[in-house]
Amino acid sequence: MWGLRFIQLLTGLCVFGLGAALMVRANLGLDPWNVFHQGLSGLTGLSLGLLSILSGVVVMLLWIPLRQKPGIGTIANILVIGLSLDLFLWMLPEFQGWPLRLGALALGVVLTGIGSAAYIGVGMGTGPRDGLMVGLNQRLGWSIRISRMLVEVVVLAIGWLLGGVAGVGTVVFAMAIGPLVQLFLPWFQNKPREQVRPKPEAG
């Protein structure tokens, strides 16, 4: 059971990385964190995947005052998404023409939704950015929606100022990712079942 859950975890993270790479190649706007990573990439020359890993580590360190504990899924999230993103960016060409770019954007958003549902469904630890939202909720009383909105608006603004691409893809991602994860999550819920102990017989 654990092995199947771990395979699902890694597969989901790779699918998420493929979706993110398709959005990059569509060049129509990225999710807020990858706008941030793209802006930093133009400034530092480092790859998007490596910057995703580094920012994930920094965000996880912010868990310490919030008293959040990482799981194996947290570490895998940081490493596998970054590595798979760079791999798929190396494999995929730049898409030319509106039909291909729009198709790549749509497929990328759907795959990030599927990948998110797959790794969330195994229940092996939140991603570093999701854990930050949970920590802000538990320690400061902020709602998860408000916490997420504030953090992502800040990273999006910084990334855009640094030259990251924000556009229609950013809006589509923001509107679609929640409903897509909710749609696909029942397909991938693979948490260990609680053992049911037999009730003692009467008498």
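Which residues does Asp130 touch, not counting residues up to four places away in sequence? And what covers the buried residues of helix α2?

Analyst: This is a predicted model, in which local features need pLDDT of at least 70 and side-chain atom pairs count only at pLDDT 80 or more, while totals for chains, interfaces and linings use all residues. Residues are numbered from 1 along each chain as its sequence is written, and side-chain values use heavy atoms, with hydrogens and water left out.

Asp130 touches Tyr119 and Arg148, leaving aside residues up to four places away in sequence; contact here means heavy atoms within 4.5 Å. Asp130 belongs to helix α7. Helices are DSSP runs of H or I with at least four residues, strands are runs of E with at least two, and both are numbered from the N terminus. With a relative accessibility of 24%, Asp130 counts as partly exposed. The cut-offs are under 20% relative accessible area for buried, over 50% for exposed, and partly exposed in between, using a 1.4 Å probe and protein chains only. Met60 is 70 residues away from Asp130 along the chain, and their C-alpha atoms are separated by 9.9 Å.

Now to helix α2, which runs over residues 32-44. Its 13 residues should span 18 Å at 1.5 Å a residue, and its end C-alpha atoms are 18 Å apart, which agrees. The expected span is 1.5 Å times one less than the number of residues. Of the 13 residues of α2, 10 are buried, so the helix is largely enclosed by the rest of the structure. Among the buried residues are Trp33, Phe36, His37 and Leu40. What covers the buried residues of α2 includes α1, α3, α5, α7, α8 and α9.

Ser52, in helix α3, is buried, with a relative accessible area of 7%. Ser52 touches His37, Ile81, Gly82 and Arg129, again not counting residues up to four places away in sequence.

Next, how does α2 pack against α8? Two packed helices are described by the angle between their axes and the distance between the axes. Axes are lines fitted to C-alpha atoms, for helices over the stretch in contact, and angles run from 0 to 180 degrees between N-to-C directions. For α2 and α8 the angle is about 30 degrees and the axes are 7 Å apart. These helices are therefore roughly parallel to each other: angles under 35 degrees count as roughly parallel, over 145 as roughly antiparallel, 65 to 115 as roughly perpendicular and the rest as oblique. The crossing of α2 and α8 is left-handed, a term used if the near helix is turned anticlockwise from the far one by less than a right angle, with right-handed used if clockwise. Pro32, Trp33, Val35, Phe36 and Gly39 of α2 meet residues of α8 including Val151, Glu152 and Trp160.

Asn27, in the loop between α1 and α2, has a positive phi of about 55 degrees although it is not a glycine. Asn27 is partly exposed, at 41% relative accessible area. After α2 comes Gly45, with a positive phi near 85 degrees.
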